[in-house]
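Reader: I am new to this structure. Would you kindly guide me through it by question and answer?

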Amino acid sequence: MAAFEPVLLARIERPESHTLADYESTGGYQTLRRVLGSQSPEEVIDEVKRSGLRGRGGAGFPTGLKWTFLPKERKGPTYFCLNADESEPGTFNNRILMEEDPHQVLEGLILSCYATGTTTAFFYMRYEYPLAWKRIGRAIEECYEAGYLGKNILGSGYDLDVVPHRGAAAYICGEETGLIESLEGKRAWPRIKPPFPAVEGAFRQPTVVNNVETVACVRHICERGADWFRSMGVPPDPDNPRDAGSFGPKLYCLSGHVERPGCFEAPLGLTVRELIDGYGGGVWKGRRAKAAIPGGISMGLLTEDEFDCPLDFNGPGRYGCLGLGTAAVVVLDETVEMVDFLHNSCRFFAHESCGQCTPCREGTAWALRILERIRAGRGRLVDLDILLQIGDSIGIIPGTTICGLADGAAWPIKNAIRKFRDEFESYIRRTNPQGYEESEPVPALDWTTH
Amino acid sequence: MTAVEPTQAEAAKPLTPEMVAEIRRLCDRYPDRRAVVLPALHVVHQRWRMVPRSAVVEIAELLGLAPAEVQDTLSFYGFFKQDRPHGVVRAWVCRSISCALRGGDGLLERLCELAGTRPGEPSRDGALTVEAAECLGACEHAPCVLANETLYRSVDPEEAVELFRKLRQQAALEEGSEAAPEGASAGEAHEE
Ligand SMILES: Cc1cc2nc3c(=O)[nH]c(=O)nc-3n(C[C@H](O)[C@H](O)[C@H](O)COP(=O)(O)O)c2cc1C
Ligand code: SF4
Ligand code: FES
């Protein structure tokens with residue numbers, strides 16, 4: 001394989017990388033100009049399909065295929081929602097793209113909207129990104145001034161408006177139908193699917209939801225072609241008929257106990273160990289790692305001896321994790337108490353559950369209460385089985401909830417306890433020497449709101 | 001028709017004509033009025049650091065909705081303050097995993113102590129609200145604090161006192177520019 005050349009992060013070190021002038025000076029919007037002048041939307045969809053691009057927002061759904069789910073005959077408008085809600089703990093690649101190269105994102109967005117026949121796109125950005133908000137806002141203005149947005153873009157007859165829309169600090173707005181509900185001005189309660197957004201989404205119209213990194217990839221696929229994209233990554237696993245392969249470059253976020261945290265671009269299929277040692281300078285302070293989360297906290301945990309897990313769409317699942325997620329790796333060194341890790345994870349999900357499904361609302365809240373009690377020195381061995389019971393029974397996979405937040409809450413519980421059971425048990429024996437074997441119900445600690 | 005008499009605090013924080021104009025402008029960008037609820041709440045919250053109940057009623061009138069619909073949306077997002085404004089500076093201290101691994105929880109606790117408040121509540125002088133945040137999407141800079149538009153990166157939890165001093169300074173600066181809302185914000189400066 002030829003030496004890897006970054007494309008998504010190629011420009012970010014340039015001092016004025018976020019301006020239109022700088023973007024154009026490196027060939028920016030030439031691809032848009034060429035595509036609008038010479039290709040039909042169907043041709044763009046075909047190219048994206050052929051590239052094998054899968055969504056970068058967490059679910060890994062093939063992008064071109066998703067676009068073909070839009071009804072053929074559409075009377076009303078089609079909407080595009082760009083998912084820039086990025087709130088999965090450990091994940092910050094969308095932020096870097098939006099802050100440092102907003103026009104790359106916008107060119108990708110415009111191409112994606114053209115392909116899907118959209119004339120209005122909503123750029124849904126989480127609130128906590130003030131710099132990205134400013135830069136994207138400014139970049140959108142520049143696009144209108146330069147004729148890349150608005151009516152009759154570059155004389156092609158194609159019209160597109162992009163509306164920046166700001167969230168209000170709620171993780172669930174990243175779930176695509178939660179995002180749509182939030183955009184519509186309601187509480188961000190995910191919808192039961194089907195209907196999928198492509199059929200009935202925002203304002204009851206066909207709607208495409210894609211992640212920021214996904215549309216950035218579209219921009220490069222349009223410039224360099226599907227074959228270029230497919231030349232990187234991992235082909236489908238022949239033993240897994242459902243695997244559609246993992247092609248193209250990926251932005252890996254690395255944080256936690258590493259020497260050099262950061263966002264790095266590499267072809268899909270990099271292993272966790274290569275990422276930590278080769279890009280992150282190894283575990284910090286000369287320590288050993290104990291575990292890592294492979295793709296945002298929702299994906300669960302890998303133990304240190306599982307670090308050869310490749311970070312492609314198929315890899316983490318083979319190690320009992322939920323999936324690749326956002327490819328955000330967080331390293332836990334040997335000093336981390338797994339009880340503390342799990343408490344942190346459970347606190348996050350209890351706080352972020354939207355509350356509409358009882359198993360998720362109650363399951364995440366009780367898991368947190370149990371972890372708090374364990375940390376207060378009142379844990380019992382039986383608590384571990386109760387936690388596993390919660391973990392095994394909430395989520396789309398067991399079929400008890402509307403959205404995948406509950407699966408994301410369940411996986412850290414299941415992985416942490418199943419992969420580190422001895423550690424949990426010895427923690428409980430050590431901190432509750434009198435009562436660890438009790439099995440009578442234990443009252444909860446005073447319950448405060450979180 | 002306003003059903004409830006605004007309280008004194010609310011009367012001091014009306015929907016200004018500028019806010020009304022901005023909310024009207026926003027209406028053109030969305031296919032339906034209800035979609036303007038969140039942007040409208042932001043318009044008010046940005047200025048008053050809270051959304052008084054009287055403003056909820058006014059927004060509802062502007063958008064042709066029942067006040068309960070606006071209130072329902074507002075209350076879903078823990079983001080919006082309603083009973084009293086957050087501090088001039090709202091400091092979100094991240095407690096999610098990457099920050100927690102590098103001392104985020106301790107930092108939150110220490111800052112609250114220094115401010116003499118509980119998470120989410122403003123300091124007595126109204127300068128500062130210290131609040132727990134979930135992942136701020138800046139994990140490479142853990143532990144980090146987002147204070148209005150300023151991101152304090154890779155904060156040393158041992159140096160909470162120093163950060164507290166900077167936050168007070170920021171509050172003093174921004175209080176000045178709040179008086180003239182068009183003035184430059186103290187943002188952009190990204191501290192290491
Ligand atoms: C709880 C939850 C949170 C999510 N958060 C995000 C997010 O912040 N950003 C994102 O792009 N996708 C997120 N997703 C995935 C979206 O539902 C959706 O699959 C994605 O935006 C589709 O875009 P893609 O195909 O380009 O990846 C989340 C999913 C769940 C279940
Ligand atoms: S699974 Fe949880 S977050 Fe998702 S819709 Fe149900 S309650 Fe809400
Ligand atoms: S965990 Fe703190 S910014 Fe992501």
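**Between the chains and around the ligand**

Author: In this predicted model, A:Arg187 and B:Asp72 are joined by a salt bridge whose closest N and O atoms lie 2.2 Å apart.

Reader: How many salt bridges does the rule find across the interface of chain A and chain B?

Author: A salt bridge requires a side-chain nitrogen of Lys or Arg within 4 Å of a carboxyl oxygen of Asp or Glu. The pair A:Arg187 and B:Asp72, at 2.2 Å, forms one. Across the interface of chain A and chain B, the number found is 4.

Reader: How much area do chain A and chain B bury between them?

Author: The size of an interface is often expressed as the accessible area lost when the parts come together. Here the contact draws 57 residues from chain A and 40 residues from chain B. Of the area buried between the two chains, 58% is on carbon and sulfur atoms, and the total is about 3800 Å².

Reader: Which residues of chain A lose the most area to chain B?

Author: Three residues together account for 14% of what the side of chain A buries. They are A:Ala168, A:Arg187 and A:Arg347.

Reader: What share of the exposed area of ligand 1 does the protein bury?

Author: The shell around ligand 1 holds 4 nonpolar, 9 polar and 6 charged residues. An oxygen atom of ligand 1 is 2.7 Å from a polar backbone atom of A:Gly57, and an oxygen atom of the ligand is 3.2 Å from one of A:Glu86. Taken alone, ligand 1 exposes 610 Å², and the share buried by the protein is 89%.

Technical notes. Residues are numbered from 1 along each chain as its sequence is written. Chains are lettered from A and ligands numbered from 1 in the order in which they are written. This is a predicted model: local features need pLDDT of at least 70, side-chain atom pairs count only at pLDDT 80 or more; totals for chains, interfaces and linings use all residues. Side-chain values use heavy atoms; hydrogens and water are left out. A polar contact is a pair of N or O atoms within 3.5 Å; within protein, one must be able to donate a hydrogen and the other to accept it, and residues adjacent in sequence count only if both atoms are side-chain atoms. Accessible areas come from the Shrake-Rupley method with a 1.4 Å probe; for residues, only the protein chains shown count as cover. Ala, Val, Leu, Ile, Met, Phe, Trp, Tyr, Cys and Pro count as nonpolar, Asp, Glu, Lys and Arg as charged, and the others, Gly among them, as polar. Contact means heavy atoms within 4.5 Å. Buried area is the accessible area (1.4 Å probe) that two parts lose on being put together, summed over both.
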